[in-house]
Structure formats: C-alpha cells, structure tokens
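Subject: Structure for you to look over

Dear colleague,

Here is the structure I said I would pass on. My notes on helix packing and the nonpolar core follow below.

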Amino acid sequence: MNVPRLNERCGGVLLPVTALPGSGPIGDLDAAGVFIDWLNDAGVRLWQILPLVSTDLDGSPYSSWSTLSGNPELVGLGYCIRHGLLPEGTSLRPSGRVDYAASAQTKLPLVLQAARCLVEDPNHHWAPDLARFTAEASWATDAAVFYALRRAHDDASWWDWPEPLRRYESAAVSAAVQALSDDIAVWRAALFLFEQQWAEVRQMASRKGIGLVGDMPIYVGLDSVDVWANQALFSLDDSGHPTALSGVPPDAYSETGQLWNTPLFDWGAVAAQGYQWWIDRVSRALSQCDALRLDHFIGFTRFWSVPADAEFALEGAWMPGPGRALFDALLAALGRLPLIAEDLGSVDPGTEALRDGLELPGMRVIQFGLGTDASELHHPSQYPERCVAYASTHDSPTTRGYWEALTPAQQVELALGDDGETACRQMVDAVLASKASWAMISWQDIAALDDTARINRPGVVQGNWRWRLAADALSSPLAADFRERLNRTCR
C-alpha cells in the first residue's frame, strides 16, 4: 500500500518509540509491530515519532551526541535473540515509566553484547551486511570513534581531550582508530542492529499503508561527534567552547525564554561548504522516514543568539539565518522533499514567506487558538489544507491536562463540556474535522489522559521524556472508537 502524501487528507498518531509498552526500562522496537497493528485497526495512516537518536543524560532526543545515529537502546532484546545474538531467555523487568539510567546500565550492555557476538561471528547471516555497512556508513564510523574516545578519556568532553584530538587532526584520529578498534567495531555493530530492526519496522508500516513521520532538531548537542568533527561550521572559540548559545525568547512556555545550550551554526562557513553538511543530514534523516518535521523552522530565517555566559535566554537577540539558500541547495542535491515546517512561536513574515515559498505545510495547535478570536490562525476554523494540525504536541500539556488547568470561568467560556475527558474529545474532534490535510493526534489525547502523561515541559531539564504506555493500553475498543472518529471526519 502507498503511504500518504503531504496533501492527502488523513489522520496520524504522535508517539515516541521510547513510550512503547513492553519489557525493560525503555520502550523499544520489539513493540513497534504491535503498535503498527493497532494503528492499522484504528484506521490511522501516519505514525509521528520523535528523533531516534541517543538522548542526553536527561532523556532529551533534541540534544544528542550523534545526530545521524539511531539509538542502540531502542533495539529489542527479542530481536537480538531471534537472530542468535543473545541467549534464549534474556530479558529485563518491565518499567511503568522510562528509566534512562537503568537503560544505560542494564539494557545497553545487552545490546552491546549482541553487537559483539555479531562482530566476532564471521559466519553469521548478517556478516556480509555488516561489512557493507562498515564500508558505506561513514557516519556510523565517526560516531563509533567518538564513542570509543569518550570511553578512553573517562567520559571527558571532547574539548578536554589532548590537543591533536580536540582539534580533530587526521593523524591523531587515525591513531585512535587503530588503538580503539575493538570499541569502535562493537558500537558500529550496535548501530547496524538498530538500522536492521528499524528497516523492518518501516517495511511493516509500509505494508499497511502507514507513513512514518520523523523529527529533526535544527541544532545539535555541543558535546557531540557532529560538532567535534565539524568545528569550523559552528560558532566556537579557539578552545572549542561556544561563543553563543541557541534558544528562544520568552514565549507561551517560559517567561524567561528557553536556553537550549546547544551551539549555533556559523552559517557563513556552512554556506562556503555548499551546505553539504546539511544535505548529508537531511538525506540521512529521510532514509529513516517518509516525511520529516523540521523542528524550529523559524531558525532558518532568524535565530535567537544568547551570549554564552547569559543566565537566561531573554538576554539574547535575533540574528539572520540562511534563508532560502539552504533549501535551494537541498533541492538541487536531493529534489523536492516531504518536509513539515515547525513554525510555532515567534513567527515573523520572513518565516512565513520561506515556508510558503517552499510550499511546506506548517503546524497548527488547537490549544493556542481557543479562547481567542475565531480569526486567530490556531483556531480550527482557520486551518488551511496545507498544514499539520494537532490537539497537543510533545511540548504541550495533554489536551485533557490543558482543559483541567483552566479556571472554572475559562472552562465555562470554552463550552467544551463539564469534564476533562469530554473537553479533550471535543478538541480532538475539532482538529479532525478541520481542513488540515494531516491531523496528528497524540496517543494520550486519543485515550483522554491527564497531564501526568505529558512528555516534556520546555524550560525544565529534569523529569521529562519518561511517560510510557501501559501494557494493556492498546485496546481494541479504543482502536474501534478512533477509527469511527476518523471515518466521520473523512480521514
């Protein structure tokens, strides 16, 4: 079956892979098939995920140490067992919430054990595929070298490594590759396992006509292979520290703005390189999905630059981004691309002009449009066909949580019902009934869960990204109910 096109009216579900149910401390790809079957039963045509990368220590996938890599912790132990890479019966206790520390301590070592088994078995049925991956996936070798060097230097950040390595001098890196070949080979094999299982997930989804929608942050983590291996493309001083940091000014999520603490691009240097780093990055991201959400699209027209020593993001200032030149380079290299512009926040006319000139769908979120004039762009009556509409996102309260946080007077004014579950249902149905081509509903809103099921609170570092589906959450009655709602709204 064909997966949906950007201009095709259909419904989707937003759910991170880490939130899938199952054994162990983190959701993984072993449960993806069950979830895809549930989506199919519910008549859903799209599954939107969050970035598939290794997260930072707090679980955020928007500040990874390797933006091109999949996360080995998402590889299923059952998958490894089926392919003879782990002993039968290998398992971990299930966890009701994602536990990133436990995953690093218990899950990752088992995946690395499976990877080592693959590396050391020249007769394994995947041996030729691994050899091809090793030869062709240069990004995986770069990530594995960075991983091995971090281990060799007691997890010190790259700017604290010996000077030749810190500067990414070719002789020093080549010597490290020779000295650390074992760690490099095992981590690269772990990345291979992720690629193999994710490819199977994509095939399962495609067979049922379900498109996978990826998510690409605009920025990358400072202590990352991406910055270490490409220092000239970022705004850094001679010691490797950022001269300015990314973020956004005060907005609906934070009165002091959001300080993301990721380095800014030196867009002049990126342009002088012909935008090749970005071409490679987008090409790689689209190899994993059928459409791609560009997070913080505003940053391509103007970006918020915060002094590196600032305490709050509100101390920053707007600076010009690359604009159309970047996308012209992407178009010339890769052709017309299935991209979604995350255009929330301080949208300026330049951002709107870039989005519309590229004919990209933007985003609309009903929580931003209720209680306002019906002509407001986030009011569902104003959604154009060329947009992706949401009841909630991974950064917002759940829809029920949004309603329950209102004052009684505000609840009465919105006239969405007398309780959070009813209000949630009405808001979701309004999104589904809108003109938007794609309506993307967070799984929590399908089940009308309260704000304890929220994924992330922007501006708050700890305690996010931990919500996970209950083992019995993917019920047939819930699928049948959502299918009826999709049918009723011609999705």
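Contact here means heavy atoms within 4.5 Å. Helices are DSSP runs (H or I, at least four residues) numbered from the N terminus. The model is predicted, so to speak of method first: local features need pLDDT of at least 70, side-chain atom pairs count only at pLDDT 80 or more, and totals for chains, interfaces and linings use all residues. Residues are numbered from 1 along each chain as its sequence is written, and side-chain values use heavy atoms, without hydrogens and water.

Helix 18 packs against helix 1 (residues 32–41), with the axes 8 Å apart at an angle of about 45 degrees. In this contact Trp38, Asn40 and Asp41 of helix 1 meet Leu478, Ala479 and Arg483 of helix 18.

Helix 18 (residues 476–488) also comes within 9 Å of helix 16 (residues 420–433), axis to axis, and the two cross at roughly 40 degrees. From helix 16, Arg425, Val428, Asp429 and Leu432 meet Asp481, Phe482, Arg485, Leu486 and Arg488 of helix 18.

The largest nonpolar core has 160 residues, of which Trp47, Trp278 and Trp443 touch the most other members. Such a core is a set of buried (under 20% relative accessible area, 1.4 Å probe, protein chains only) Ala, Val, Leu, Ile, Met, Phe, Trp, Tyr and Cys residues joined through side-chain atoms within 4.5 Å. Leaving out residues up to four places away in sequence, Trp278 touches Phe265, Trp267 and Phe300, among others.

Regards

Note on methods: Axes are lines fitted to C-alpha atoms, for helices over the stretch in contact, and angles run from 0 to 180 degrees between N-to-C directions. Buried means under 20% relative accessible area, exposed over 50%, partly exposed in between (1.4 Å probe, protein chains only).
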